[in-house]
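Please keep the sequence and the structure in view while reading.

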Amino acid sequence: DLLELGSDWIAEFAAAGALTDLTNEFSKLQAEYIGWPQSIYAQRCWAMPWYLSTRVLYQNDSIMRVVGLDPGRPPIVWDELRDWARVGDRGKPDFYGIGINSAERHRLYKKFLPFLWAAGGDILSEDKTQCILNSEAGERAMRFYVELCQWGITEKQSVLDEMFMSGKLMYHMSGDWLSARIRDAGLSLQYSVHMMPFPAPGEGSQASFAGGEYLTIPAAAAEPLGAIKLARHLLSSKNVFNLCIATGNPTPVHIKTGDNPYFYDDPVGKIFMRQMLESLAPPVHPRWVDIEAELEWGIEQAQYGKLPVPDALAQTCERIQKILAATNAPPEEK
């Protein structure tokens, strides 16, 4: 009767009538928790945030010193990230400037979107009827991402995480699970984590990707009231804290839990909490998983040089627009 559901799927399940409307619970709990936007579809709430995560910039401080860079001066803007990754990449094959995700489903788009959002762009219009990826901000972000790919190694997320742990990457964009693995493995790795860089001095934001796991109740639940009681129990400040301790998650959904010194006194946890405040989530749309696939198709075309950046953006927008048109069309036209 109580199910864990990834944030990407909430709108699709809600649109299909598969979830119980939790708007009343939202009105009672809204002020105590973060992460609600991903649970809102068609002006109603369908899920309760349980476990949130974001991505930060991991930096190998030892490699920074080896290549003559100051580890106490992390990249603040895109140009510094690109230029310093290029300096670090001179050490290959012993180490690489930066790790870039390969064409891996459900992961590639998470590495590009922070740059799109930081530049002021987005995927869909506010009313979710138009693809706005093909914009000045979209082109700026895509060109930078493609350029960044030159100064590192392209691999799957799991491989890149392993490479960072073994001291093979100077920069790597990853989540809280990586710091937990480094800690649990007892590694003496000299590393630090940092906020995502701005596009340029005084321009854009330090946006990153936000996702998470949510608690939902099926529309056909036999005991919906019992499920709500269980959800409230799991979402108590104490149990959110225990969940974070057990998983190594530094971004609790309960605002009171986040005030615990355990989080803000930890140098890694502090950055993750700051980054979460700057992080955005993909649009809440019932066809998001299909839109995501087209977005990753476009990133691949540009990343692997199959299409010039303007063509990749234009064609991706056309493909996404077809999905939007089919979603918004009257039943007899679908």
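The structure discussed here is a predicted model.

**The chain as a whole**

- The chain contains 15 helices and eleven strands.
- Its C-alpha atoms fill a box of roughly 60 × 50 × 35 Å, taken along the principal axes.
- The radius of gyration is 21 Å, which agrees with the value near 20 Å that a compact globule of 334 residues would have.
- Buried residues account for 55% of the 334 residues.
- The chain exposes about 14,800 Å², and carbon and sulfur atoms supply 52% of that area.
- Of the contacts between residues at least 6 apart in sequence, 73% join residues at least 24 apart.

**The cavity**

- Rolling a probe the size of a water molecule over the atoms shows where empty space is left.
- A search of the whole structure finds one cavity of 30 Å³ or more.
- The largest cavity has a volume of about 80 Å³.
- The residues that line the largest cavity are Ser7, Asp8, Ala11, Gln38, Ala210, Ala281, Pro282, Pro283, Val284, His285 and Trp288.

- The buried residues of H4 are Trp78, Glu80, Leu81, Arg82, Trp84, Ala85, Val87 and Gly88.
- These buried residues pack against strand E5 (56–60), strand E6 (96–101), helix H5 (108–118), helix H6 (136–148) and strand E8 (169–174).
- In H5, eleven of the eleven residues are buried, so H5 is also largely enclosed by the rest of the structure.
- The buried residues of H5 include Lys110, Lys111, Phe112 and Trp117.

**Ile291, a buried residue**

- Ile291 is placed in helix H14 (residues 288–303).
- Ile291 counts as buried because its relative accessibility is 0%, where buried means under 20%.
- Leaving aside residues up to four places away in sequence, Ile291 touches Ile123, Leu124, His285, Ile320, Ile323 and Leu324.
- Ile291 and Leu116 are 175 residues apart along the chain, and their C-alpha atoms are separated by 16 Å.

**Backbone features**

- The peptide bond from Lys92 to Pro93 is cis, with omega near 10 degrees, and Pro93 lies in the loop between H4 and E6.
- Gln43 is not a glycine, yet its phi is positive, near 65 degrees.
- Gln43 lies in the loop between strand E2 (40–41) and strand E3 (44–45), and it counts as exposed at 73% relative accessibility.
- His106 also has a positive phi, of about 70 degrees, although it is not a glycine.
- His106 is found in the loop between E6 and H5, and it is partly exposed, with a relative accessible area of 36%.
- Just after H5, Gly120 takes a positive phi of about 95 degrees.

Key: Residues are numbered from 1 along each chain as its sequence is written. This is a predicted model: local features need pLDDT of at least 70, side-chain atom pairs count only at pLDDT 80 or more; totals for chains, interfaces and linings use all residues. Side-chain values use heavy atoms; hydrogens and water are left out. On a 1 Å grid over the protein atoms alone, a cavity is a set of points where a 1.4 Å probe fits but cannot get out, and a pocket is an open set with protein on both sides within 12 Å along at least five of seven lines; lining residues have an atom within 4 Å of a point. Grid points are joined across faces, edges and corners, and a volume is the space filled by probe spheres set on the points. Helices (H or I, at least four residues) and strands (E, at least two) are DSSP runs, numbered from the N terminus. The radius of gyration is taken over C-alpha atoms; the globule rule is 2.2 Å times the number of residues to the power 0.38. Buried means under 20% relative accessible area, exposed over 50%, partly exposed in between (1.4 Å probe, protein chains only). Contact means heavy atoms within 4.5 Å. Accessible areas come from the Shrake-Rupley method with a 1.4 Å probe; for residues, only the protein chains shown count as cover.
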